[in-house]
Structures are given as C-alpha cells and as structure tokens.
Amino acid sequence: MKLDQWLISFRQEKNAAMPQELSTPSINCSDVVKPNRDLSWRIAPNLLISFKYAWAGLRYAFVTQRNFRIHVVIGTGAIAICVFLHLQPVEMAVIGLTIGLVLAMELLNTAIESVVDLTVKQSYHELAKIAKDCAAGAVLISALVSVLVATSLMLPPLVALIQSALR
Ligand SMILES: Nc1ncnc2c1ncn2[C@@H]1O[C@H](COP(=O)(O)OP(=O)(O)OP(=O)(O)O)[C@@H](O)[C@H]1O
C-alpha cells in the first residue's frame with residue numbers, strides 16, 4: 001500500500017474510532033502528501049545538478065552573508081594553525097567537525113531567513129521573530145562550542161611552542 005493511501009485509511013480509522021465531537025475534520029491526504037513532490041517548481045534530475053544547486057547555495061551565502069564569510073576565514077585560519085602545530089589527526093578531525101557545524105548552521109540560518117522573508121515579506125510577525133532569533137541562536141551556540149573546542153585543543157601546544165621559543 002502506498003504511503004498516501006495508508007495515511008488516508010489510518011485517518012479514516014482514527015476518526016471512526018473517536019466520538020464525533022472529538023474527531024478531526026477529514027483531510028484528503030493525497031492533497032498533502034506528494035510522493036513526487038508536485039509542489040516543487042523544479043527537481044534536480046541527477047546528482048551532478050544537485051551538486052550544482054548546492055554550490056549555488058554556498059556561493060549565495062558567501063557573497064551575501066557577512067557572518068558566513070567571517071566563519072570561513074576563521075575556519076581556514078584554524079585549520080592552518082592545526083597543521084602548523086602538528087595536532088593529532090583526531091584533534092584535527094574534531095576541530096574540522098566544529099568548523100563544519102558552524103558553517104552548516106550559518107547556511108540553515110540563511111535558509112530560514114529566506115523562507116521567513118518569503119512568508120511574511122516586510123511585515124512584522126512575532127513567529128517570524130522567533131524563527132529568526134532561534135536560528136541566530138543556533139549559530140551562536142555552535143560558534144561558542146567551536147571556540148571552546150579549538151581553544152582546549154590548540155592552546156596547550158601553542159603555549160608549549162611559545163615557551164620553547166622564549167627559552
Ligand atoms: N518579519 C519579521 N518580524 C519580526 N521580527 C523580525 C522580522 N524580520 C527580522 N526580524 C528581527 O530582526 C532580527 C534581524 O533580522 P535579520 O533578517 O537581519 O536576521 P539575522 O539573523 O540578524 O541576520 P544575519 O544572520 O544575517 O545577521 C531578527 O533576529 C528578528 O529578531
């Protein structure tokens with residue numbers, strides 16, 4: 001049985017089992033569940049085109065989002081320092097993960113901002129504020145965690161290097 005058919009029969013069974021005053025209005029799930037994503041304006045026909053769209057998203061974020069550019073520069077610098085300090089591969093992997101997390105959060109923040117702006121345009125809405133503030137909060141949390149991780153992994157070898165240079 002297809003997913004949309006299953007959802008329709010599930011909802012009908014659920015409504016039949018409920019007292020009439022508690023049952024939810026019947027929704028035609030085939031209007032909501034679109035297995036072929038009929039609501040999408042365009043669907044990437046193959047993997048190569050999917051990568052092209054993903055690259056377009058990255059380029060958009062880099063060109064338009066100042067914070068994304070700052071995080072790219074800081075992340076690149078952090079990787080350069082890791083290489084310079086000869087950190088262990090696992091330490092580099094952890095720092096790389098946190099850099100990736102921050103950049104991914106920035107991209108999601110940009111996506112949420114765009115969807116919110118598309119929905120409410122230039123009008124004020126309390127839910128738009130919550131969505132944007134929470135997305136910005138997610139970026140902040142990931143950035144703080146990455147600073148904590150980078151500091152705890154880079155500081156000891158950096159201090160040791162400076163001390164040996166001063167001797
Ligand atoms: N339509 C809206 N309704 C209510 N509040 C909004 C709306 N648009 C923006 N805001 C408020 O203004 C703040 C800044 O909006 P903006 O679109 O610049 O998001 P941002 O997260 O600060 O952007 P960036 O991540 O690029 O710095 C939001 O965090 C939110 O509090």
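Biologist: What numbering and which pLDDT limits apply?
Modeller: Residues are numbered from 1 along each chain as its sequence is written. In this predicted model, totals for chains, interfaces and linings use all residues, side-chain atom pairs count only at pLDDT 80 or more, and local features need pLDDT of at least 70.

Biologist: How many helices and strands does the chain have, and in what order do the elements run?
Modeller: Helices (H or I, at least four residues) and strands (E, at least two) are DSSP runs, numbered from the N terminus. The chain has 6 helices and 0 strands. From the N terminus on, the order is α-α-α-α-α-α.

Biologist: What percentage of the 167 residues counts as buried?
Modeller: A residue is buried if 20 or more other C-beta atoms lie within 10 Å of its own, exposed if 12 or fewer, and partly exposed in between, with C-beta atoms placed from the backbone. Helix 3 is hardly covered, with a count of 1 buried residue among its 18. For the chain of 167 residues, the buried part is 11%.

Biologist: Which residues of helix 4 are buried, and on how wide an arc do they lie?
Modeller: Helix 4 covers residues 66–84, and F68, H71, A78 and C82 are its buried residues. They are on the same side of helix 4 because the arc they cover around the axis, taken from the directions from the axis to the C-beta atoms, is only 85°.

Biologist: Which residues are exposed on the face of helix 4 turned away from its buried side, and what covers the buried ones?
Modeller: The cover of the buried residues includes helix 3 (47–64), helix 5 and helix 6. The face turned away from the buried side carries the exposed residues R66, I70, V73, T76, G77, A80, V83 and F84.

Biologist: What is the phi of H86, and is H86 buried or exposed?
Modeller: H86 lies in the loop between helix 4 and helix 5. H86 is exposed, with 10 other C-beta atoms within 10 Å. Although H86 is not a glycine, its phi is positive, at about 55°.

Biologist: Where is K121, and what is its phi?
Modeller: K121 is in the loop between helix 5 and helix 6. K121 counts as exposed, with 9 C-beta neighbours inside 10 Å. Its phi is positive in a residue other than glycine, near 55°.

Biologist: With which residues is L107 in contact, leaving aside its neighbours within four places in sequence?
Modeller: L107 is found in helix 5 and is partly exposed, with 18 other C-beta atoms within 10 Å. Two residues are in contact if their C-beta atoms, placed from the backbone, lie within 7 Å. By that criterion, L107 is in contact with G57 and A61.

Biologist: Which helix gives the largest share of the shell around the ligand?
Modeller: A residue is near a molecule if its C-beta atom, placed from the backbone, lies within 6 Å of it. Residues surrounding the ligand include Q65, N67, N109, E113, H125 and D133. The elements that give two or more residues to the shell are helix 5 (89–120) and helix 6 (126–166). The largest share, 5 residues, comes from helix 6.

Definitions and conventions: Expected span 1.5 Å × (residues − 1).
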